[in-house]
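Please find below a short note for a colleague who is meeting this structure for the first time.

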Amino acid sequence: MASERVAEAARRPPLRTRLPFASLSGTLIAVALVLIPLTFVAVEALSAGLSEVRHVLLRPVVGELLLHTVLLAAACTALCAVLGVGCAWLVARTNLPARRLWAVLLVLPLGIPDFVVAFGWVSLDHSLHGYLPTVLILTLSLYPLVYLPVVTALSSVDGSLEEAARSLGLGPWRTFRSVTLRQVRVAVLGGCLLVTLGLLAEYGAFEILQFRTFTVEIFTQYKLAYDGVAAAVLSLVLLVITIAVLAGELALTGGRPATRSGRGARRPAARVPLGRRTVPALAAVVIVCAAALGVPVSSVVYWTLRGGNTTLPGASLPEALGYTAAYSAAAAAIATVLAVAVATLALRHRGRVSLLLERVTYLPLALPGLVVALGFVAFSVRYTSSAFLSSPIELILAYAVLFLPLAVVAVRSSLAGAPARLEEVARSLGVSPARAWARVTLPAILPGVAAAFAFVFISAATELTATLVLRPTGVDTLATRFWEYTSGFAYGSAAPYALVMILISAVPAYVLSTRFGLRSTGRIR
Amino acid sequence: MRGPRVTALATVLAALVAALGGCGGSSAGLVLYNGQHEQTTAAIVTAFERKTGIKVQVRSADEATLGDQLIQEGTASPADVFYTENTPVLEALARRALLRAAPPEALASVPSRYSSRQGLWVGVSGRIAAMVYNTSRLHASQVPDRLVELAAPRFKGMLGFAPTETDFQPLVTSLIHYEGVAAAERWLRGLQRNGTIYPDNETVTAQVNNGESALGPINHYYWFRLRASLGAGEMHSALRYFRPGDPGDLLDVSGAAVLRSAHHVQNAERFVRFLVSREGQEAIARSTSFEYPLRPGVPPSSQLTPLRELRPLGLTPAELGTGAQALALEQKLGLL
C-alpha cells in the first residue's frame, strides 16, 4: 500500500515549467563533449570498406572474446550488486560498530588502479589466472561503483514509508525488498550499469590475470598492427552492446523515477539494531576491506619498505601529486556540474529527447581509455588547429567525458529521492526558479553531488591509459610515474606513488562519509 | 552555509586550471617522444643537454601508444624526434610518410644492417634474444639453444611467454623467414600447448626467476635489469643464448627518427647524431639499461658478454619490417 502511494505520487505530472534552460544547455555541452570520441570511432570505422569490416569481425577469436567479456560482465555485475548493496545497507542503515571507518574504507578500492591490484594479487599468488579469479578480483575492485550511489541514496531514504510498511505487517526482509530497495532502485541499477559498462572496456584483467576480453583485441590492433581502423570497427561492437545494456537498464528503471510520498513530513529512517548478527556482519565487512584493500595496500607497503635499487632518474613526488590533484579536481568539478544538468533534465523533464541525451552520456564508459584519448587528439588536430593538443584542458575534458557516467549515476540516484514537488511549491509561492532550485533541490541532492565529485576525482586520479596520451609533454601524474617505475622493475620506487594515489583517494572518501551521506539519524529535512 | 565554500573551492580550482594552462607553451628546444626504457633515455638526454645547452622536453609512454598518437597527430604533432625500443613502429610511421630522412652522418655511425633501408631511421642500441631459465627447475644441459625446441612436448607446462610483447614478433617473423609459415604455425601451437601466457617480458622474467615457469624466451637485458633491481642473491635463474645461425639468434634494435612534423629540425638532427656518437653510445653503455651500443668500438656494460663473441646473425630490422605476417599468424591462432 505504501508503495502504491509512492507510485501515485510519481505518476502525477509535474507542474508545467518553462524550458529548463540551464539543465538543457548543460546537457547539450555534455553531449557535445561525449560526441568527440564517439564521432572519432564512427568516422574511423566508416572509413573501412565492407570487406575490411568483415575481415576484422569474422575471425573466430572475436566471438570467443566477446563471450568472455559478456560472461565476465554478467558475473561481476551480479556480485558487485550483492556486495555493494550489502555493505551500503550495513553502513547506512544498521548500528554496525565503527561505521565511519568502514564508510571511508569501503570506497577506497576505487582509488587503487588495476595495475596496483595486479601487483598485490600476483605477488600474493603467482598462479592466479583464468575466469574465476578474474571475476572475484574485479568484483573486489569494482563494487564501490554500486556501493557509493547506494549508500548515498540509502542514507536519505524516507523512513516513514518503512514504518508504514512494518505497521501494516510486512516482515523486515519484505520491507527491505519491497520498500527500501525500491526507494534506492535507481542507485542500485545505476551502479550496476557502471560496473557492466566499465567491464566492457576492461583491459587490466588481461594484463593482471591473463583473462582475455574483447578490449584485448582492440589494443592488439592499436599496439601491434597500428591499425586504427580495425580498432575502431571493434570499438563500434562495444558501443552496440552498450546501447543494448542502456536500453535494458532504462526498461528496468521504468517510468517511475520518484519514490517519495507527496504528503507528510520526510522522516529519516531508523537504524536497524544488528544484535546477535553484529559479529557476522562485522566479519563480512572486515573480509571485504581486507581483500579489496588489504592485499594491494600491503604489497605496496612491502615494496616501499623494501626499497630496492632503482636505476631510474629520481622524480618529484609532490609535483606529480600536485598535477594529479589539480587535473582530477578540475575534471571532477566539470563532470559534476554537467551531471547535475543531465540528471535534472532526464528525471525532472522526462521525455524521449531528454532520456536519449542522458543515455548518450554513458557511451564513453564502454570505450577503452586509449580510444577516447586518441579521439581527443584527432579532434584537437582537426578542429582546434592543434591549440589544445597536449594541453591540460584537453586532458581535463577527456577525464570529464570518461567519468561523466559515474557522476550522472551518483546525482541521479540522489535526485530520484529528492522531492520534486517542493521545488514546484516554492516556485508557485513566487520564488525564482534558480533560487527555488538552490534552496530546495540542491540541499536535498548535495550528498549525490558530493558523491559524484568523489567518484570522478578518484577515478581520474588513478587513470593511466588516456593520461599517457593526453598529459602535457613533460608533466607526470602519480599514475604515469608509477607506470614508468614498474615497467623498469623499480617496484621500490614505484610503491610510494601508489600509496599516495590511495591516500588522495581517501580524502574525498573521508569528506563524503563525514559531511554527507551518513546522516540517517537525527535530522529532519 | 555551504554556498560560499563551494564558490571558494570553484575559485581555487579555476586559478589552478589557469595556472596549469599557462605551462602549455614550452621553451624547449627539442620535443622528444620516448618509447625507449626511461633509464636509457634519461642518461642520454642529460649528456646531450650538458653538451649542447639545448633543453629537451621528454614525453615517455610505451612506444605503441606514442606511435598511435603520432599517427593521429600527423604533421601537426609537437614532436621532433621519436626514439623507440623496437623498429616495427618506426616502419609503420615510415609507411605513412611521417618520418624525415635521417642525418647521413648518423647513418654512417652504425653498421648499415641495423638502420632503415631507406635511411629514414637510425639503429641506436640493441639487445639479444635469449632464453631465461630457472636454475632449480632446469639444469643448464636441459635448456635448449634452438628456438624450435621450445615447442617440444618435454616442456609442457614449463614455458612462459608474452605473445603480445613487441619483442615476441621478431622471433615469429624470423621463424617464418627461415622455416616457412607452416613451421611457424606448428611452433606457435606447440608454445600454446606448453606454456603460460604473460603480459610482458618483465613478467616472464620475474615468473621464471621465482619458479612459476621454468623457462621462456626474452631479451637478455630483462634478466640483467631484474638482477640490478633484486640483487644477485635473489636470482634463481640464468640466461642462455641461441646457437649461432638459429632463427632465435636475433638482435632487436632500438631506433630513432626525425619526424616530418619537427619544428626544431636542426636540433632534432643534432640529437639523432648524438645518439650514435661516441659520447651518446658511451652514455647508453654506462646507464644500467644493459643494452648493446651499436657503434663499433664502444664496449657495452662490463656485466655483458661482448657483442663480438655473440655475433647475432639473424634478420636485420629492415627484413623484420612491420612484422605483419607474424601478427596475422598470431591472430589466426588466437594468441593476440
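The points below concern a helix pair, a loop residue and a chain contact.

1. This is a predicted model, in which local features need pLDDT of at least 70, side-chain atom pairs count only at pLDDT 80 or more, and totals for chains, interfaces and linings use all residues. Residues are numbered from 1 along each chain as its sequence is written, while chains are lettered from A and ligands numbered from 1 in the order in which they are written.

2. In chain A, helix H4 (residues 60–93) packs against helix H13 (residues 214–223) at an angle of about 135 degrees, the axes being 7 Å apart. Helices here are DSSP runs (H or I, at least four residues), and strands are runs of E of at least two, numbered from the N terminus. Axes are lines fitted to C-alpha atoms over the stretch in contact, with angles from 0 to 180 degrees between N-to-C directions. H4(A) and H13(A) are therefore oblique to each other (angles under 35 degrees count as roughly parallel, over 145 as roughly antiparallel, 65 to 115 as roughly perpendicular and the rest as oblique).

3. A:Ile112 lies in the loop between helix H5 (99–107) and helix H6 (114–124) of chain A. A:Ile112 is buried, with 25 other C-beta atoms within 10 Å (20 or more count as buried, 12 or fewer as exposed, and those in between as partly exposed, with C-beta atoms placed from the backbone). A:Leu499 is 387 residues from A:Ile112 in sequence, yet their C-alpha atoms are 9.0 Å apart.

4. The contact takes 47 residues from chain B and 45 residues from chain A (contact requires C-beta atoms, placed from the backbone, within 7 Å). H3(B) gives the largest share of chain B's side, eight residues.

Conventions. Two residues are in contact if their C-beta atoms, placed from the backbone, lie within 7 Å.
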